[in-house]
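Please write a short report on the structure shown below.

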Amino acid sequence: MNSLVDKRYPILNTYVNAMSMDETVNAIEKMIERRVPVQHVVINALKVNLMRKDENLRRIVNECPLINADGASIILAAKLLKIPLKERVTGFDLFVRLVEEASVRNYKIYLFGAREEVVKKVKTIFERKYPTLQIVGYRNGYFTEADEPEIVRDMAESGADMMFVAFSSPKKEYWIRRYLKELNIPFVMGVGGSFDVIAGTTKRAPLWMQKCGMEWFYRFIQEPGRLWRRYLVGNISFILYVLQYKMRTILKNNR
């Protein structure tokens, strides 16, 4: 795990590992070999904003050994703050890459979250695309607290090497942290709305929009009524936070 620590940099109220996609996958493979349950997170402007108000979420995220830069906003902030990130490693792209790796390396996976018809469709799509893939369990994301002991027991008994949790933030971070040790799954990753994208119920931005950092705008125009506060107000808040952080750093260094 020392290789992860060596490439870990403080950024705003959290940390980020300056690793490429391939380096990230290699690190995760080592985690699976160790068989010690690990929670993985990615950070973006939304999560940074949430962590400013939520101390417990900040603690959960910052205690994760591997934190990838998901949002283009984090890449831009890193450039301004002179943090040597190699590339953007989005949660969606890492999720898809890990499923592919699982089919090659005989890793067992568990899919958890979204609506029943969505998670079933994701399972079917993956099994058709990767005939050797072992999906040892799946479950929708609708349950009561009373259901959780049985759900966690099923997951722990599944023998999964990786589990992907399709909840929104901060629910996924809290849920994974609460049950990580009981799950006894080496690698557990929150993937947000990725199941809906795989199933085709929502669309991901075109590649050119992803590359120029406008993926957030594509999401916004699909659901402006629901997302205007998250992206318009949230992005402005994030930019101001980055500038304030930069100014504090400059003042501190000039003392």
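Buried means under 20% relative accessible area, exposed means over 50%, and partly exposed lies in between (1.4 Å probe, protein chains only). Helices (H or I, at least four residues) and strands (E, at least two) are DSSP runs, numbered from the N terminus.

This is a predicted model: local features need pLDDT of at least 70, side-chain atom pairs count only at pLDDT 80 or more, and totals for chains, interfaces and linings use all residues. Residues are numbered from 1 along each chain as its sequence is written, and side-chain values use heavy atoms, with hydrogens and water left out.

**Overall picture**

The protein chain has 13 helices and eight strands. Its C-alpha atoms fill a box of roughly 55 × 45 × 35 Å, taken along the principal axes. The radius of gyration, taken over C-alpha atoms, is compared with a globule rule of 2.2 Å times the number of residues to the power 0.38. For 255 residues, a compact globule would come near 18 Å, and the protein chain agrees with 18 Å.

Of the 255 residues, 50% are buried. A contact means heavy atoms within 4.5 Å. Among contacts between residues at least 6 apart in sequence, 75% join residues at least 24 apart.

**Helix 5 and what follows**

Which residues of helix 5 are buried? They are A72, S73, I74, I75, A77 and A78. K82 is exposed, at 69% relative accessibility. Its phi is positive, near 60°, and K82 is not a glycine.

**Other backbone features**

Most residues other than glycine have a negative phi, and most peptide bonds are trans. L12 also has a positive phi, about 55°, without being a glycine. L12 sits in the loop between strand 1 (8-11) and strand 2 (14-17). It is buried, with a relative accessible area of 9%.

S169 and P170 are joined by a cis peptide bond, with omega about 5°. P170 lies in the loop between strand 7 and helix 9 (171-183).

**Salt bridges**

Side chains of opposite charge can pair when their charged atoms come close. A salt bridge is a side-chain nitrogen of Lys or Arg within 4 Å of a carboxyl oxygen of Asp or Glu. The structure holds 16 salt bridges. The table shows three of them.

| Pair | N to O distance |
|---|---|
| D161 and R35 | 2.6 Å |
| R97 and E101 | 3.2 Å |
| E173 and K172 | 3.6 Å |

D161 and R35 form a salt bridge at 2.6 Å. D161 lies in the loop between helix 8 (148-157) and strand 7 (162-166), and R35 in the loop between helix 2 (21-34) and strand 3 (38-43), so the pair ties together parts that are 126 residues apart in sequence. D161 is buried, at 9% relative accessible area. R35 is partly exposed, at 41%.

R97 and E101 are four residues apart in helix 6 (residues 91-105), separated by about one helical turn. R97 is partly exposed, at 22% relative accessibility. E101 is buried, at 15%. Both belong to a network of salt bridges that also links D22, E29 and R105.

E173 is buried, with a relative accessible area of 2%. K172 is buried too, at 8%.
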